[in-house]
Amino acid sequence: MTLILAAEDLSKRYGAQQVTDRVSLTLDRGEALGIIGPNGAGKTTLFNLIAGTAWADAGRIVFDGIDVTGLPARRRCHLGIARSFQIPHPFVGMTTYENVLVGATFGRGASERDSEERAVEVLDLTGLKRKANTLARDLTLLERKRLELARALASGPSLLLLDEIAGGLTEPECVELIAAIGEVRRAGVSIIWIEHVVHALLAVVDRIAVIDFGRKIAEGEPRAVMGSPQVAEVYMGIDGEAAHG
Amino acid sequence: MGTAFTIQRSTRTSRVTAIVALLLVAVLFAAPWWAGRANVRLLGEILSFVALASLWNLLAGYAGLASVGQQAYVGFGGYALFALAMFLGVHPLVAIAAAGLVGALVAIPIAPLLFRLQGAYFAIGTWVLAEVFRLSFAQVAALGGGSGTSLPVGIVAGIAADRALREMLLYWSALAIAVAAVAFVVLLLRSRAGLALTAIRDSEIASESLGIDIWRTKLLVYVSVAGLTSMTGAFIFLQKLRISPDAAFSVNDWTAYVIFIAVIGGIGTIEGPVVGTILFFLLRETLADLGTTYLILLGAVAIFVMLRAPKGLWGLVVQHTGITLVPVRRRVVFPKNS
């Protein structure tokens, strides 16, 4: 069993809008998959379906050999799925350390001392150590994004879902973030990463999938996908045939 | 692994607070020897409101369960005490604790019903529940039906032989309940469940995604608060020696005043309800002779505080001084050289 995630024919409709339209995805253990697509294409909804914060209308999600389609988000977290939110949702009345401790305590359900050690370790990895005792409401946007990553990591995931974690970062910050995510990968965590900052993606992922209007329209080796007519059409509004013709 | 660190859970302020709190409890314990009869009785009432407000604050300020129906449990506790003492011959002081247990048990099947309701609907649901309780107890003829009943003299005399000792025992039970309620809130918030609760208060969706069982955490809070509120209610009506459905399930006495206290003191802080209770009784004792005007003034104070200090008076203190007397925080301390 080398697959960590197999999502089959996932569909989700909000009112008249088909936000996710029969999307299938697979991810190998230790693999990193990038997802790109225009705003409103349904990328975050796809994450919601995988993480369990929204229910799929149809389709099936198998994680680590277990059918998790009917499980609530917290159970999926216990099994090893963690996600960061595109718009950070920090626990504003808690310190950075306490935020991360929540992930370490409830995600893995470890002993108190183990959770504390895990939390500090993650603060170190994500460069938040200096802010450990700062209330989350006093963090900058960038620090909040790091906190999203830190909290998710603290829960001890085997699959990490990152939602536009590099958006708004300066170049040096982006380099730091890529290094941190690279380290997470080396620790054996599988990653799916939604990102508009394409060069950040290309530095990390093995594969890229393109989502548009809720459908997966392309998938494959990153450079090949980025050069494909479908991507040109989605991003540049250029007719694929014409661009290559 | 790598980094050395320690977790600090108390500060110098909090250690001083702990000592002051212990001294205060000792002074309060000795009240029957330094305060007059009427004042001891008043202190007992104040202590019962410290308990009610701290518990409501835990429910609404931390668990986000904004109940306007906690009178359901105050009244239920009172009636449970009367029933246990009158029909089963339980000693009234023992019945206080037993009423708490029964109140908690009753809350277990009620919680899943109420939790189906969100926000304002939840609030209305709790009020409806309290009305159902009031109407139900009004049907119980053995407890005096709609007009209520008094605790038989024999039972009252059974608490203790002479009146002075009886009043002391009653007062000490109020002190015990208030200390238990506040201690419960502090210990809960410092525990693993408290970490979950604070996280839920700040973001439900992030909590759920990080593996917290929101439903169970809220159930734990609702049921334990119901139990302790029932105990407080049992004490209140044991002190009054008389109970009726209208008094027992009064939304004014047991919820409106309690919310007033928590709001002016500071919702979502441990100190707030205590500060609020003191202020409430200061207002009441100085202004109560004014009749209706007193209630208007109370309303005006509430509106003023909500507009000028939405986090309550204690919130204002925290904002300006950064002081927290009760340590629920966890501070990471790294050695100087790391």
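This is a predicted model: local features need pLDDT of at least 70, side-chain atom pairs count only at pLDDT 80 or more; totals for chains, interfaces and linings use all residues.
I count two residues as in contact if their C-beta atoms, placed from the backbone, lie within 7 Å. Residues are numbered from 1 along each chain as its sequence is written, and chains are lettered from A in the order in which they are written.

**Entry: domains of chain A**

I looked up the domain bounds, which come from an automatic or database domain assignment. Domain 1 of chain A covers 3–80 + 157–244, and domain 2 covers 91–156. I found 24 Å between the C-alpha centres of these two domains of chain A.

Next I checked where they touch: 12 residues of domain 1 of chain A are in contact with 14 residues of domain 2 of chain A. On the domain 1 side, helices H2 (73–79) and H6 (171–186) of chain A each give two or more residues; helices here are DSSP runs of H or I, at least four residues, numbered from the N terminus. H6(A) has the largest share of that side, with five residues. I sorted the side by class and got seven nonpolar, two polar and three charged residues. For the classes, Ala, Val, Leu, Ile, Met, Phe, Trp, Tyr, Cys and Pro are nonpolar, Asp, Glu, Lys and Arg are charged, and the others, Gly among them, are polar.

**Entry: chain A against chain B**

Here I found 31 residues from chain A and 25 residues from chain B in the contact. On the chain A side, H2, H3 (96–108) and H4 (112–125) each supply at least two residues. H3(A) brings the largest share of that side, eight residues.
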